[in-house]
Amino acid sequence: MKFSITHEFKYTYDSPVRLSTQYLRLTPRDTARQKVTGWNLDTPGPALRTTDGYGNVLHVLTMDKAVSEISIEAAGTVETSPALDEPSDFTGAPLSPLLFLRPTGLTRVDEPLGAFAGKFRRAVPEHSGLRELAAAIHDKHRDSSAADAVHAFIACCRHLGVPARYVSGYTYARKKDNNGVAMHAWAEAWVVERWRSFDIAHDSPVGEAHIKLAVGADYLDACPVRGVRIGGGAENLIAHAHVEATQQ
């Protein structure tokens, strides 16, 4: 499928921001199951393009003059394949999956979650066992955000000795009155020498309706925008993301 994507952010502040740096992971990369056919990142100043430690495209935007608002827009087109999983890593120089066994502040296992994960200890080394774990977490986190459900799944996987990582991206839903839907998050777990994908929030595989932006140990490594600033007072953010199918 071919998709057209727009993602807009507008930050407004009570008082001028004297200095700010924004870290933008808003540019997807080609993978085995997606091809970026056009992409543009519009920022209020020049943004340095680089690659972070996980292989994500990272733009660093530094504003060294006083501003009362910051607007950022990412837009482009991506083609995806029906493949449910990628046969190779997201990055050109793959990191060891063992890196994704370490806990983070967002993926630590408390006693109740550890007991929950323990129920799947025998089944989890198999792909089918991870699907069972994903379905159980989906049922347990029906009222949670996609990010919270993904963090719970990742925490359980790592607790059981399975490397797992966070994925940020977009997903498309076919609806009569809405041709697109916003940001999404899912997980990948290392099973039999490859990454397997798990959409915890939707309790489904990851397929052609998913567009990957970034990967990381948790949300903080893969979030679209993260920054620091001096001044500004209270902050207000308005964000909109839209995914439209242009070809099926």
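Good morning. The structure is a predicted model, in which local features need pLDDT of at least 70 and side-chain atom pairs count only at pLDDT 80 or more, while totals for chains, interfaces and linings use all residues. Residues are numbered from 1 along each chain as its sequence is written, and side-chain values use heavy atoms, with hydrogens and water left out.

I begin with the whole chain. The chain has four helices and eleven strands; these are DSSP runs numbered from the N terminus, with helices being H or I of at least four residues and strands being E of at least two. Its radius of gyration, taken over C-alpha atoms, is 19 Å, close to the 18 Å that the globule rule gives for 248 residues, so the chain is as compact as a globular protein of that length. The globule rule is 2.2 Å times the number of residues to the power 0.38. Along the principal axes, the C-alpha trace spans about 55 × 45 × 40 Å. Buried residues make up 48% of the 248 residues, where buried means under 20% relative accessible area, exposed over 50% and partly exposed in between, with a 1.4 Å probe and protein chains only.

I turn now to the sheet. Four strands form an open, antiparallel sheet in the order β8-β7-β6-β9; two strands pair if DSSP finds at least two bridges between them. Because β8 and β9 (210-216) stand at the edges with a single partner strand each, one side of each is left without a neighbour in the sheet. β7 and β8 are paired over five bridges, and Val191 has Arg194 in β8 as its bridge partner.

Which strands does α3 touch as it packs on the sheet? They are β6, β7 and β8, and the direction of α3 makes about 10° with that of β7. Helix α2 lies across β7 and β8, at about 30° to β8. Here axes are lines fitted to C-alpha atoms, for helices over the stretch in contact, and angles run from 0 to 180 degrees between N-to-C directions.

Next, the helices themselves. In α3 (146-159), twelve of the 14 residues are buried, among them Phe153, Cys156 and Arg158. These buried residues pack against α1, α2, β6 (164-171), β7, β8 and α4 (219-222), contact meaning heavy atoms within 4.5 Å. After α3 comes Gly161, with a positive phi near 85°. The buried residues of α2 include Leu130, Leu133 and His138.

Nonpolar side chains tend to be buried together in soluble globular proteins. A nonpolar core is a set of buried Ala, Val, Leu, Ile, Met, Phe, Trp, Tyr and Cys residues joined through side-chain atoms within 4.5 Å. In the largest core, of 59 residues, those touching the most other members are Leu26, Leu130, Leu133, Phe153 and Ala189. The greatest contribution to this core comes from α3, with ten residues. A second, separate core of eight residues includes Val167, Trp186, Trp195 and Val206.

I close with two residues at one end of the sequence. Leu26 touches, among others, Trp39, Leu41, Tyr170 and Leu213, not counting residues up to four places away in sequence. Is Thr27 buried or exposed? Thr27 is buried, with a relative accessible area of 6%, and lies in the loop between β1 (2-24) and β2 (34-42). With the same exclusion of residues up to four places away in sequence, Thr27 touches Trp39, Leu41, Arg49, Val57, His59 and Leu213.
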